[in-house]
Every structure is written in C-alpha cells, then in structure tokens.
Amino acid sequence: MARAVIAIHGGAGAITRAAMSTEKEQAYTDALAAIVASGQAILAAGGSALDAVTEAVRLLEECPLFNAGKGAVFTHQGTHELDASMMDGRTLEVGAVASVKHLRNPVLAARAVLENSPHALFIGEGAEVFAEQHGLEKVAADYFSTPERFAQLQRALGSEQAILDHDGAAGDPLDADRKLGTVGAVALDRDGNLAAATSTGGMTNKQAGRVGDSPIIGAGCYASNHTAAVSCTGTGEVFMRTLAAYDLAALMEYAGLSLQQAADRVIMEKVLALGGSGGLIAVDAQGNVALPFNSEGMYRGYGYVGEPAVINIYREE
C-alpha cells in the first residue's frame, strides 16, 4: 500500500515577514492547514488522489485569501475570468476550462470535463453551458469580487500595469509586481495513483481573453503514475514556453532524475533562464514530495496520512 500524501499551494511571490502581520500570517497558515487536513481525511478513508485534489482545490477556490474562485482578481475590463485543469495519473485523462465567468468552482467543471466529455478543454460560454448541463453551480459575476481585489484593479489601472495577483497594499504580504496567484494540489493515494489539479483567477488588469498556464495540461498541471503529479504557480507565459509540469515528468522518465532533481532543474534553471518566477508542488509514485520556488516565498503545505501537516510560507532557513 502506497504512502498516501497530499500537497497544496496557494501562490508564490515576494513574500516578506516584514509585510506580514501576525494575524494575516495566522489566517494563511490556518487556511492551508485546514485544506491539507481535508485532503488527508479523504486519503485516509481510502479515497482517490483525484477526489483529494478536487476537494482541496475547491476549498482553495472558496477561500478569498487566494486568487481562485471567490477573491479572484479583475481583468482590465473589470470582469473575472477563471481557469482550471486536472489530470488523473492512473488513466492520463484530463479536463480543463478557461475564461469562465459564472462557475462558482472551476475545478469542478474541469472534473466534469475529465469524466464526461471526449474533449479535454472547454472555454468561455461553451464551458459554462457544459458545466451547467452537469449540474454545477453558476453564480452572478460579482460573487467573485472583493473590495481588496477591486482596489488592486484601480491601482493597476493607474499604473497601466498588469499585476500578477494582489499587491502589497491592504495588508497583503506580497510585492506588487511579483505575486503569482494560482492554487493547486497534488496527491498520491493508497492504491498508488497520482493526480493533480490547478486553478486561478489570472492576473490583475490582464486583458480579457488572456489565458495562462493553469488550464494548459503539461504547462501548469500534469500527472502520470509512471513519474509524478505536478501543479505550477508562476509567470504563466514562461511556464507555457517551458512546458514546466510535463518537463519535470520527462526529466524523471527519460533522464532518470529524482523528483527533487527534476523539480529543481525546471524551477531553478529552465524557468529562471527565461525570466520566469514562481514554483511548483509535486509528488512521485513513491510518495516523495518536492516544493521548489525561485521567488521569496510560496504558500504551501503537505501532509502524509496519519502524520501532522507541514505548512510553510517563506524560504526555509
């Protein structure tokens, strides 16, 4: 029986202790710990890795601290456009949605695509129609809005910049131009199956219609029982150019690298060489976990079944 484990992330960036209040740090830590615990409980009960990552990302989408679902950032046009994807390492089946505006939980739509469609990726209105046909909840566009996110858009419009998730104002500990706000989860279940899921609201002040790496299988999300499950967070365009998630798996399969070696090669060398910032979480078929990032911090946590969760924000000292 495999050593079941789940790992999650809530974005990476220039996270500094000086900008983080005790209350804010505790809020992030508590949220991450609770979500890891939910995943551990599913795995402990014999649930699948796919179920564990689905629920973990759904909970991340429900938490306005993170840029996915409730609390998603605004586009330049003042709208919300959300993306999500997932992959089953046992079957290599995938599902993804992009540029959806009314689906409460994009990750559940990605799961519906994986399970109920011969297609891999739906976008926009077509994705929403498909999700509604499969019983998923639709919400008004303002459901995703928060005052903090709206204020971020106004600052971004004033500076005429696209900002990677939320900036350093309103008590947020992340630097204005270097917060990379995707969420994701990877898991290994007791049957030895791997799965990964990724979800995001994108970039503050992005042009409507812009899609990053999160819903792109092989770029922001990948899973294969032969290698690893991977979820990325970072400069989406660079993660797409490097096929970061699949590249990690390929380095393991073809070059014989370990999970940690492959993860470090992708994040610390390949992504960095193209000016990309961010990180990833990954777990392999033996239950090893890797959580590398080349920014100052990454909201992250992992937990093996029957063991305490490990939660971190900053670089480990």
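Figure 1. In strand 5, Val5 has Leu188 as its bridge partner. Strands here are DSSP E runs of at least two residues, helices are H or I runs of at least four residues, and both are numbered from the N terminus. This is a predicted model, in which local features need pLDDT of at least 70 and side-chain atom pairs count only at pLDDT 80 or more, while totals for chains, interfaces and linings use all residues. Residue numbers start from 1 along each chain as its sequence is written, and side-chain values use heavy atoms, with hydrogens and water left out. Strand 1 and strand 5 run antiparallel and are joined by five bridges; two strands pair if DSSP finds at least two bridges between them. Strand 11 is also antiparallel to strand 1, and seven bridges join these two. Ile6 stands opposite Gly303 in strand 11. Nine of the nine residues of strand 1 are buried, where buried means under 20% relative accessible area, exposed over 50%, and partly exposed in between (1.4 Å probe, protein chains only).

Figure 2. Strand 12 pairs with strand 11 (residues 297-304) in the antiparallel sense over four bridges. Ile311 in strand 12 is the bridge partner of Gly301.

**Figure 3. Helix 2 and the largest nonpolar core.** The largest nonpolar core has 50 residues, of which Ile6, Ile8, Phe66 and Tyr299 touch the most other members. Helix 2 (residues 49-62) gives the most to this core, with seven residues. A nonpolar core is a set of buried Ala, Val, Leu, Ile, Met, Phe, Trp, Tyr and Cys residues joined through side-chain atoms within 4.5 Å. Leaving out residues up to four places away in sequence, Ile6 touches Val36, Gly39, Gln40, Leu43, Ala52, Ala56, Val186, Ala187, Gly301, Tyr302 and Gly303; contact means heavy atoms within 4.5 Å. Another core, of 41 residues, lies apart from the largest one and has Leu194, Ala249, Val271 and Tyr304 among its members.

Figure 4. Phe122 is found in strand 4. Phe122 counts as buried because its relative accessibility is 17%. Not counting residues up to four places away in sequence, Phe122 touches Ala96, Val97, Ala98, Val113, Ser117, Ala127 and Phe130.

**Figure 5. The surroundings of Thr182.** Thr182 is found in strand 5. With a relative accessible area of 5%, Thr182 is buried. With residues up to four places away in sequence left out, Thr182 touches His9, Gly10, Gly11, Thr198, Ser199, Thr200, Ser214, Cys232 and Thr233.

**Figure 6. Helix 7 and its cover.** Ala244, Ala245, Asp247, Leu248, Ala249, Ala250, Leu251 and Met252 are buried in helix 7. The elements covering the buried residues of helix 7 include strand 7 (221-223), strand 8 (228-234), helix 6 (236-241), helix 8 (259-273) and strand 9 (278-284). The twelve residues of helix 7 (residues 244-255) should span 16 Å at 1.5 Å a residue, which agrees with the 15 Å between its end C-alpha atoms. The expected span is 1.5 Å times one less than the number of residues in the helix.
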